[in-house]
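Student: Could we go through this protein model together, one question at a time?
Tutor: Happy to, let's have a look.

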Amino acid sequence: MIAYSDRKQRPRYVPSLPPLPLQRSCIRSARLALTTAQASRFPNAHYPYIKPLIGSTTIPSLPLYPNPPRLAEDGTIVFQHPQQHPLPGADGTDTWTATALLAHQIAYFRTLAETLAGSDGKPETISQVVVTVPGWWNQYQRKAYRDALELQGLTCLSMIGEGTGVALNYAMTRQFPDYDPKTGRGQKEYHLIYDSGAMQTTATVVAFWQESYLPNPKSKTPINTTFVDVLSTGHEDIGGVNLDLIIRDLLLKDFVVKTKKSDVAQDKRALAKLDKEANRVKHILSANQESNVNVSTKGPRFEHRLMSGRIALRGH
């Protein structure tokens, strides 16, 4: 989580998904890693949505990965290296674990945070972090996250739930009603926090209240303390990526019908371009009835122009 103190300095779009570097010299530099915009050029080296896979032993069912993961002999999820860019993993094999890939993303996030926290053009070194994690994560997933942080030389001071982090940020600048837990006098203020991300949609029920007390008998000014109590949290495995896949399939179906090119579904570069365009169309359709779609490449294999609207999404 990155907080911006100056609204003018906040970048409008910050890429947050650097996949696998293509050369050995890039291992220690996340800035040289492949960005999302280049996924259509090197689809086999593109590894999106890694965080939900750490500490897991189940292969995801959604077709999200151009280079699909597999289970190793010990039950760990691993990704195979693209053959045109071989790069041995930490154990001397040609695979990456989800934890190792997440470490590359953390290195990129660390660079962003150090740049934003610095002054006079000099970045500030960050060695200790407090991170947010899904509230339902088990100890194996949390340990895998800590391992990814340690691979980048970061010390994890604490892990808090994502809903808890939102609640704390909300409570920092607001007043709440008084409540005395001992006598039951007063009342609490209840909030329901929704977080709809790429892979999951989470709901967290939180209670806020304040307690006032005098630090000593001679004090005249009471001290107000705000309390945040997370009562419950739940989630469903549905998010923005599900809508991306629906839009991509609609665009793919329309393209095949109009061009009679059925082999596009086996073209990883073409699918990567469709994924990128589907994400753009999703944002446009959130505020408009129609969106113009234009997907093209330098070659003649995949070039078409069509229209996509909200009506086409009904029934999906």
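Student: Which strand gives the largest share of the nonpolar patch?
Tutor: The patch covers about 520 Å² and is made by Y190, L192, Y194, V205 and L231. Patches are built from residues with over 30% relative accessible area and no salt bridge, where nonpolar side chains (Val, Leu, Ile, Met, Phe, Trp, Tyr) are joined within 5 Å and like charges within 9 Å. Three residues, the largest share, come from residues 189-196, which is strand β6.

Student: Before we go on, what should I know about the model and its numbering?
Tutor: This is a predicted model, in which local features need pLDDT of at least 70 and side-chain atom pairs count only at pLDDT 80 or more, while totals for chains, interfaces and linings use all residues. Residues are numbered from 1 along each chain as its sequence is written, and side-chain values use heavy atoms, with hydrogens and water left out.

Student: Is Y194 buried or exposed?
Tutor: Y194 is found in strand β6. Buried means under 20% relative accessible area, exposed means over 50%, and partly exposed lies in between (1.4 Å probe, protein chains only). Y194 has 60% relative accessibility, so the residue counts as exposed.

Student: Which strands stand at the edges of the sheet?
Tutor: The open sheet has three strands in the order β6-β7-β8, with antiparallel pairing; two strands pair if DSSP finds at least two bridges between them. Strands here are DSSP runs of E with at least two residues, helices are runs of H or I with at least four, and both are numbered from the N terminus. Two strands have a single partner each, so one side of each is left without a neighbour in the sheet: β6 and β8 (223-236).

Student: How many bridges join β6 to β7?
Tutor: The two strands run antiparallel, with β7 spanning residues 201-213. In this pairing, E189 stands opposite F208 in β7. The number of bridges that join β6 to β7 is eight.

Student: How many salt bridges does a search of the whole structure find?
Tutor: A salt bridge is a side-chain nitrogen of Lys or Arg within 4 Å of a carboxyl oxygen of Asp or Glu. One of them joins D249 and R248 at 3.6 Å, N to O. The search of the whole structure gives a total of seven.

Student: How many residues apart in sequence are the parts that R248 and D275 tie together?
Tutor: The closest N and O atoms of the R248 and D275 salt bridge are 3.3 Å apart. R248 sits in helix α4 (residues 240-259) and D275 in helix α5 (residues 268-285), so the pair ties together parts whose separation in sequence is 27 residues.

Student: What separates E277 and R280 along helix α5?
Tutor: Their side chains meet in a salt bridge of 2.5 Å, N to O. E277 is buried at 10% relative accessible area, whereas R280 is partly exposed at 36%. The two are three residues apart in helix α5, so their separation is about one helical turn.

Student: Which residues do salt bridges that share partners join into one network?
Tutor: R248 has a salt bridge with D249 and also one with D275. Through these shared partners, the network joins R248, D249 and D275.

Technical notes:
Accessible areas come from the Shrake-Rupley method with a 1.4 Å probe; for residues, only the protein chains shown count as cover.
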